[in-house]
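Work through the exercises below with the model at hand. Try each task before reading its solution.

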Amino acid sequence: MNIDSKKWSCATCIKGHRASHCQHVDRPLFEIKRKGRPSTQCKTCKELRVVRQLHVKCTCDLTGN
């Protein structure tokens with residue numbers, strides 16, 4: 001179920017691989033995280049990496065934005 005553009009599901013549906021189709025509202029819900037590794041670079045550093053073809057570590061304070 002989608003709440004505020006985030007995917008939520010109960011524990012039973014997560015264990016049963018039915019997280020996308022969960023419609024339970026009477027059970028405790030858990031947020032479903034996105035697949036893959038979380039981004040470690042901000043949008044600015046990520047764009048610089050594509051444009052300049054540089055691979056540098058992001059040292060900005062706004063990591064993940």
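**Exercise 1.** Decide whether His17 is buried or exposed, and state its relative accessible area.

*Solution.* Start with the cut-offs: buried means under 20% relative accessible area, exposed over 50%, and partly exposed in between, using a 1.4 Å probe and protein chains only. His17 has a relative accessible area of 75%, so it is exposed. Helices (H or I, at least four residues) and strands (E, at least two) are DSSP runs, numbered from the N terminus. Last, check the backbone: His17 is not a glycine, yet its phi is positive, about 60 degrees.

A note on the source: this is a predicted model, where local features need pLDDT of at least 70, side-chain atom pairs count only at pLDDT 80 or more, and totals for chains, interfaces and linings use all residues. Residues are numbered from 1 along each chain as its sequence is written, and side-chain values use heavy atoms, with hydrogens and water left out.

**Exercise 2.** Which residues gather in a patch of positive charge on the surface?

*Solution.* First, the rules. Such a patch takes residues with over 30% relative accessible area and no salt bridge, and joins like charges within 9 Å. A salt bridge is a side-chain nitrogen of Lys or Arg within 4 Å of a carboxyl oxygen of Asp or Glu. Lys and Arg count as positive. The patch holds Arg34, Lys43, Lys46 and Arg49. Arg34 sits in the loop between strand E3 (29-31) and helix H2 (43-52). With a relative accessible area of 80%, Arg34 is exposed. The C-alpha atoms of Arg34 and Val51 are separated by 26 Å, and these residues are 17 apart along the chain.

**Exercise 3.** Is Gln41 buried or exposed?

*Solution.* Locate it: Gln41 is in the loop between E3 and H2. Its relative accessibility is 11%, so Gln41 counts as buried. Then look along the chain: Gln41 and Lys57 are 16 residues apart, with their C-alpha atoms separated by 7.6 Å.

**Exercise 4.** How many buried residues does H2 have?

*Solution.* Among the ten residues of H2, one is buried, and the helix is hardly covered. Gln53 follows H2, and its phi is positive, near 55 degrees.

**Exercise 5.** What is the order of elements, and how spread out is the chain?

*Solution.* Count the elements: there are two helices and three strands. From the N terminus, they run β-β-α-β-α. The radius of gyration, taken over C-alpha atoms, is 17 Å, well over the 11 Å that the globule rule gives for 65 residues, so the chain is more spread out than a compact globule. That rule is 2.2 Å times the number of residues to the power 0.38. Along the principal axes, the C-alpha atoms fill a box of roughly 50 × 20 × 15 Å. Of the 65 residues, 15% count as buried.

Definitions and conventions:
Patch = residues over 30% accessible without salt bridge, like charges linked within 9 Å, V, L, I, M, F, W, Y side chains within 5 Å. Areas by Shrake-Rupley, 256 points an atom, 1.4 Å probe, with all protein chains shown as cover. Charge placed at Lys NZ, Arg CZ, Asp CG, Glu CD.
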